[in-house]
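Here is a short tour of some packing details, meant to be read with the structure open beside you.

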Amino acid sequence: MATMESLIGLINKIQRACTVLGDHGGEGMSLWEALPSVAVVGGQSSGKSSVLESVVGRDFLPRGSGIVTRRPLVLQLHKTESGSEYAEFLHAPKKRFSDFAAVRKEIADETDRITGKTKQISNIPIHLSIYSPHVVNLTLIDLPGLTKVAVEGQPDSIVEDIENMVRSYVEKPNCIILAISPANQDIATSDAIKLAREVDPSGERTFGVLTKLDLMDKGTNAQDVLEGRAYRLQHPWVGIVNRSQADINKNVDMIVARRKEREYFETSPDYGHLASRMGSEYLAKLLSQHLELVIRQRIPSIIALINKNIDELNAELDRIGRPIAADGGAQLYMILELCRAFDRVFKEHLDGGRPGGDRIYGVFDHQLPAALKKLPFDRHLSLKNVQKVVTEADGYQPHLIAPEQGYRRLIDGSISYFKGPAEASVDAVHFVLKELVRKSIAETLELKRFPTLSNDIATAANEALERFREESRKTVIRLVEMESSYLTVDFFRKLHTEPEKKPEKNANPSGPNNDRLGDNYLRRIGSNVNAYINMVCDTLKNTIPKAVVYCQVREAKRSLLSNFYAQIGRREKERLSAMLDEDPQLMERRTQIAKRLELYKSARDDIDAVSWK
Ligand SMILES: Nc1nc2c(ncn2[C@@H]2O[C@H](COP(=O)(O)OP(=O)(O)OP(=O)(O)O)[C@@H](O)[C@H]2O)c(=O)[nH]1
C-alpha cells in the first residue's frame, strides 16, 4: 500500500512535469487537469496568505495593500526528514533560497516580469517548491484575492477578471477548494463560499476555513458555522487563528504562532470541545488525507492519460522519423536507403501502380503521330517545288532517264523534316520523366524530413535525365539520318517494273522533251517520293519510341542515381551529415517530443513504483 506522503510527493512530481511541459491546463483534457490540487480562495484580507503561511509554517508571501497576488502561485510543499529549509522556483531551478524574505521579493519580481509594474493580472502560474521538515507534502495554489472594487490604476474590469481567473482554477473537477472566510463577517456574505457554492454545489470538494475567530465581537462565537449548522459542507469546517497584524509587525515566529493557536483552542470556552479538529496544523493534515484519497481514486485514469499521451507522442515520432545516427557509415547507409525509397516510388510511376508512366505512351501514341501528320510534305512535294528541285539537281545537263539526283534531293529534304517530331518526342518524354522525379520526391514520405537531401536527389536525377535526353536526341537524329544515308533500293526497282499509267486526255500535249518536265511527269515524281516518305514515316513512327525508351526510360529506371551513388560514396562524413540536414522546425519538434516522452515515462514509472509498493 502506498504511503500518503509518497503519493502526494508523486503528484508533486507530475505537476512539476506538467509545468515544464507548459501544460497548465489549456484546451482539452490535460494531465494537469487530471491531477488534484488545492486552491486557496477568499476575499481580500480574509486571511488567505496567513492560512497559507501557517500551513507552510513560514513567512514568504508578499504583503501589501490592494492586489498583491496577481499571478497564481503554485506552491509545492515537500517534507524533508531533517536539515535546513529552502525554497526553489521553477523559473530559476539552480537557485536555492534559504532566506524567505528573498522568496517574497522573488515572487513580487517574477509577477512583474509577466504583468509589468502595472496592477494587471496574469494566469501564468509561478511555481515555487518549499522543502522543509515542518510541512506535509501538499500542492497549494494561491490565487489573487477576490475583490469588490478596483483600486486606483486598475481597470474596472479587474473585479471580474480576478473572479474569472479564480473560477478557471476552482471549476476544474479535480480542484479542492480551500474557501477562506473571516469569522468577523457574516458567512452569508463570504465571497469564497459564494464562488465555491457556484462551482461545487454539492460541497464535496470544498473545505470551509474560518479565520479571525479571535476578532469576533465579545459575546459572539462561530459555533454555528464550525459545527456545520450555519452553512453545511460535506467536510467539517476548520477554525483558524492567524497572527494579527500586531504579531506580524512584532515578527512573531510562525512556530510560536502555531503554539499560541493551539493554546487558543484548547483553552477556549467556546471551542474547547472542538480543539482537536481546529487550527492550521489540523487543516494541513486534513488536506493531506483528502488528497491521498482523491489521488488514489485517480491513479487509473492518470495512468491511462499518460499512456495515451505516450502513444500519441510515439506515433508522431514515427511519423516525423527517429533521430539520425552520428557515424558516417550509418549516415551513408541511411542516405542510400532514402535514395532507394525514392527510386521505388519513381519506378512505380513508370511501371504502373502510380500514375504518370502512361503519359509516356501518350507521347508515342498521340503526340508523335500527330506531329508526323502535320509535316509539310504537301508543300515540299508540290509540282512547283518538285520541278525546282529536280531542275536544280540536274545542273546544266538535264537527266536522261530518271532524275536520280532530283529524287535524292527531294527525299533528303523530306526526311530532314522528321528531325523535328523526333526531337519533340525526346523532349516530351524528358519532361514527363522530370515531372515524375518531382512527384516521386514529394511522395517519398521518408524524404519529407530531409529538404537538403531531397534537393540533392532532385538535382542528381535531373542531371541524369539531361544526359539521357542528350543521348536520346543523338540517337533519334541518327535514326533519321540513317534513313537519308541509304535508301531502300527495292522500293525504286519495283517502281520501275510497274506499268506507266496512260496520260490523261487533257494532259500536257507538248512534245517528249517538254513532257519530261511536264506536270504528269513531275506529279509522278512527287507521288513516288511521297510514297517512299510514307514508308520511312511508318518506320520512324516505330523506331523513334524504341530509341526514346531505350535511351531515356530504360536508363532512368536503371541508373537514374548511379552517378549520385558514386559521388556520395566518396564524400566525407561532414558532407554526409550536411545532406541529412533536417528542417529545423522538425528537429525542434522532435526534441520537444523526446523531452515530453521522457517526462511522461518517468511520471509513469514513478506512479507504477508507488502504486504497487
Ligand atoms: N487577529 C487576527 N488577524 C488576522 C487573522 N487572519 C488574518 N489576520 C490579519 O488580517 C490581515 C489580512 O490577512 P492576510 O493573510 O494578508 O489576508 P489575505 O486574504 O491574504 O489578503 P490579501 O493578501 O490582501 O488578499 C493581516 O493583517 C493579518 O494579520 C486572524 O485569524 N486573527
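This is a predicted model: local features need pLDDT of at least 70, side-chain atom pairs count only at pLDDT 80 or more; totals for chains, interfaces and linings use all residues.

## Helix packing and aromatic pairs

Which residues of α12 meet α16? On the α12 side they are G357, R359, I360, V363, F364, Q367, L368, A371 and L372. Their partners in α16 are P421, S425, A428, V429, V432, L433, E435 and L436. By class, this contact of α12 with α16 is made of 12 nonpolar, 3 polar and 2 charged residues.

A second pair to look at is α11 (residues 328-351) with α20 (residues 519-559), which pack at an angle of about 150° with their axes 10 Å apart. That angle makes α11 roughly antiparallel to α20. Here α11 passes α20 in a left-handed crossing. F346, K347, L350 and D351 in α11 meet V553, A556 and K557 in α20. The contact of α11 with α20 has 4 nonpolar and 3 charged residues, and no polar ones.

Now for the rings. Across the whole structure, a search finds 11 aromatic pairs. Two of them are set out here.

| Ring pair | Centre distance | Plane angle | Geometry |
|---|---|---|---|
| Y407 and F492 | 5.7 Å | 75° | edge-to-face |
| F491 and F492 | 5.2 Å | 75° | edge-to-face |

Ring pairs join Y407, F491, F492 and Y532 into a cluster. Is Y407 buried or exposed? Its relative accessibility is 13%, so Y407 counts as buried. F491 is buried as well, with a relative accessible area of 17%.

Finally, take a look at H380, which lies in helix α13 (residues 377-380). H380 counts as buried because its relative accessibility is 13%, which is under the 20% cut-off. Leaving aside neighbours within four places in sequence, H380 is in contact with N385, V386, L410, G413, S414 and Y417.

How values were computed:
Residues are numbered from 1 along each chain as its sequence is written. Side-chain values use heavy atoms; hydrogens and water are left out. Axes are lines fitted to C-alpha atoms, for helices over the stretch in contact, and angles run from 0 to 180 degrees between N-to-C directions. Helices (H or I, at least four residues) and strands (E, at least two) are DSSP runs, numbered from the N terminus. Angles under 35 degrees count as roughly parallel, over 145 as roughly antiparallel, 65 to 115 as roughly perpendicular and the rest as oblique. A crossing is left-handed if the near helix is turned anticlockwise from the far one by less than a right angle, and right-handed if clockwise. Contact means heavy atoms within 4.5 Å. Ala, Val, Leu, Ile, Met, Phe, Trp, Tyr, Cys and Pro count as nonpolar, Asp, Glu, Lys and Arg as charged, and the others, Gly among them, as polar. Rings of Phe, Tyr and Trp (its six-membered ring) pair if their centres lie within 6.5 Å; planes under 30 degrees apart count as stacked, over 60 as edge-to-face and the rest as tilted. Buried means under 20% relative accessible area, exposed over 50%, partly exposed in between (1.4 Å probe, protein chains only).
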